[in-house]
Amino acid sequence: MAAAAAAADPAEHEAKVAKALKAMTGFANSYVKNTKTKYCAELSIPSVVLKGLAEHKVALGAPLCPCRHYEDKQAEAKDGYWNCPCVPMRERHECHCMLFLTADNEFVGEEDTLTVEEVRRRAAAAVPPPPRRRRRHAAAAAAACAFARARASEHRRRHHPQVRSHTDGMSIL
């Protein structure tokens with residue numbers, strides 16, 4: 001339904017996304033300050049996440065985490081568990097997207113404020129062109145995700161032994 005509206009008037013859709021991006025950037029800057037977290041050292045990461053949150057805000061009516069796969073985005077947005085800030089972030093300061101990082105995170109940067117223009121610029125620069133070989137790209141992305149999950153799981157086991165994840169103890173086939 002939202003895709004049909006976007007296709008009907010792309011300029012109106014872009015204006016809505018720009019307005020949502022401004023709101024999400026303001027929210028993120030406030031949240032960073034209130035939770036004493038920081039952005040990732042590589043600022044293209046929070047920029048792309050904020051752009052995804054803004055697009056979901058327009059399409060779904062809620063800032064659903066853009067870093068996860070959903071069978072039904074509308075249902076997930078309505079449920080609210082993965083709406084930013086998600087439940088794991090609110091309860092344990094664990095941000096799957098690397099948008100809000102605690103001081104002990106190895107990827108934490110010094111920045112605690114981003115401008116809307118900076119987010120736009122970095123997000124646009126971070127989006128790669130469409131891959132020529134879709135299967136090869138998908139396999140590389142899957143491998144990178146598996147590596148990141150394993151690394152995060154190892155970090156949790158080493159530094160936060162009291163926190164258990166639903167994926168701990170599972171093997172990747």
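In this predicted model, the buried residues of helix H2 pack against H3, helix H5 (87-92) and H6. Those buried residues are Val17, Ala20, Leu21, Met24, Thr25, Ala28, Asn29, Tyr31, Val32 and Thr35.

How does the length of H2 hold up? At 1.5 Å a residue, its 26 residues should span 38 Å, and the end C-alpha atoms sit 36 Å apart, so the two values agree. Just past the end of H2, Lys36 takes a positive phi of about 55 degrees.

**The core**

The largest nonpolar core has 28 residues, and the ones with the most contacts inside it are Tyr39, Leu50, Leu53, Leu99 and Phe100. H2 and helix H3 (44-60) each supply at least two residues of this core. H2 gives the most to it, with six residues.

**Thr25, a polar residue on H2**

Thr25 is found in helix H2, which covers residues 10-35. Is Thr25 buried or exposed? Its relative accessible area is 2%, so Thr25 is buried, given that the cut-off is under 20%. Where does the side chain of Thr25 reach? It goes to the backbone oxygen of Leu21, at 2.8 Å. Leu21 is itself one of the buried residues of H2.

Leaving aside its neighbours within four places in sequence, Thr25 is in contact with Tyr39, Leu50, Leu114, Thr115, Val116 and Val119. Two names in that list, Tyr39 and Leu50, come up again among the residues with the most contacts inside the largest nonpolar core.

With a relative accessible area of 23%, His13 is partly exposed. His13 and Ala59 are 46 residues apart in sequence, yet their C-alpha atoms are 9.3 Å apart in space.

**Aromatic pairs**

How many aromatic pairs are there? The count comes to four. Phe27 and Tyr31 form one of them, a tilted pair with 5.6 Å centre to centre and 35 degrees between the planes. Why are these two separated by about one helical turn? Phe27 and Tyr31 are four residues apart in helix H2, and that spacing is about one turn. Phe27 is partly exposed, with a relative accessible area of 26%, whereas Tyr31 is buried, at 13%.

Tyr81 and Trp82 form an edge-to-face pair, 4.9 Å centre to centre with 80 degrees between the planes. The angle is over 60 degrees, which is why the pair counts as edge-to-face rather than tilted. Tyr81 is partly exposed, with a relative accessible area of 33%, while Trp82 counts as buried at 16%.

Phe100 has already turned up among the residues with the most contacts inside the largest nonpolar core.

**Salt bridges**

Side chains of opposite charge can pair when their charged atoms come close. A search of the whole structure finds six salt bridges.

| Salt bridge | N to O distance |
|---|---|
| Glu12 and Lys16 | 3.5 Å |
| Arg92 and Glu94 | 3.3 Å |
| Glu117 and Arg120 | 3.4 Å |

Start with the pair on H2. Glu12 and Lys16 both lie in that helix, four residues apart, or about one turn. Glu12 counts as partly exposed at 42% relative accessibility, and Lys16 counts as partly exposed at 45%.

Next come Arg92 and Glu94. Arg92 is partly exposed, with a relative accessible area of 39%, and Glu94 is partly exposed too, at 26%.

The remaining pair in the table sits on H6. Glu117 and Arg120 are three residues apart in helix H6 (residues 116-126), so about one helical turn separates them. Arg120 counts as partly exposed, at 36% relative accessibility. Salt bridges that share partners also join Glu91, Arg92 and Glu94 into one network.

Note on methods. Residues numbered from 1 in each chain as written. Predicted model: local features only at pLDDT ≥ 70, side-chain atom pairs only at ≥ 80, totals over all residues. Heavy atoms only, no water. Buried < 20%, exposed > 50% of the residue type's maximum accessible area, 1.4 Å probe, protein only. Polar contact = N/O pair within 3.5 Å; in protein donor to acceptor, adjacent residues only side chain to side chain. Contact = heavy atoms within 4.5 Å. Core = buried A, V, L, I, M, F, W, Y, C linked by side-chain atoms within 4.5 Å. Salt bridge = Lys/Arg side-chain N within 4 Å of Asp/Glu carboxyl O. Expected span 1.5 Å × (residues − 1). Phe/Tyr/Trp six-rings, centres within 6.5 Å; stacked < 30°, edge-to-face > 60°.
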